[in-house]
Amino acid sequence: SKGYSNVIPMFDWNALQAHEIDDRSLPEGSRLINQPATFIERHRNAIIAGLTFLVATLMLMSVRLGYLSSMMKKLREINEKLLEKELELQNINSVLNDMAMRDPLTHLHNRRAMIPLIDEAFRRSNRYGTAACLILCDIDHFKRINDRHGHQTGDAALIFVAQQLINTVRASDSVARWGGEEFLVLVPESRSAS
């Protein structure tokens, strides 16, 4: 019996199947021969290749996501800069629009700004049956002021008259430098003197 202590019982898997014997009922330490390979054993190389492909794909996706995240960050920064530039452009356009609509010397409306105001005042006048008035005035002998005292004095006279007109009219009235020494005052909803 001493010589058989290291003997491992061996069973043929096909014989066990033919006699419908469950291999779990075999003595402990038994070894099966002719047992068919498991699914994992049969497809080992394909499984390893698939897992390798999956790991490589996940790594590439991780790299790609990192790249996309970096690009998204750059796009956000570019969008922020674009918004800043858009605000700057809006401010510049506002200044340019104001410059286009104001006389640079007197800072009154110019002809370009006054025409739409006149149109709107007369549309409202017609719609509501109220009176609207336009007053055209100029500085008499303005050429003589320029000729005798110089253009700086002429400019000062224009600024003075513009300020006097602004101080005299109602808040609802509009004053414009119509051209040269001519000024135009729009008086909407004015009452006629009877």
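Which residues does Asn 146 touch, not counting residues up to four places away in sequence? I looked, and the partners are His 151 and Gly 154, with contact taken as heavy atoms within 4.5 Å.

Ground rules I noted: this is a predicted model, where local features need pLDDT of at least 70, side-chain atom pairs count only at pLDDT 80 or more, and totals for chains, interfaces and linings use all residues. Residues are numbered from 1 along each chain as its sequence is written, and side-chain values use heavy atoms, with hydrogens and water left out.

Asn 146, continued. I placed Asn 146 in helix H5 (residues 142-149); helices (H or I, at least four residues) and strands (E, at least two) are DSSP runs, numbered from the N terminus. Asn 146 counts as buried because its relative accessibility is 14% (buried is under 20% relative accessible area, exposed over 50%, partly exposed in between; 1.4 Å probe, protein chains only).

His 107 next. I found His 107 in the loop between helix H3 (44-101) and helix H4 (111-128). His 107 has 55% relative accessibility, so I logged this residue as exposed. I also checked His 107 against Ile 159: they are 52 residues apart in sequence and 8.7 Å apart in space, C-alpha to C-alpha.

Last, the lining of the largest pocket. (A pocket is an open set of points on a 1 Å grid over the protein atoms alone, where a 1.4 Å probe fits, with protein on both sides within 12 Å along at least five of seven lines; lining residues have an atom within 4 Å of a point.) I see that H4 gives the most to this lining, with 6 residues.
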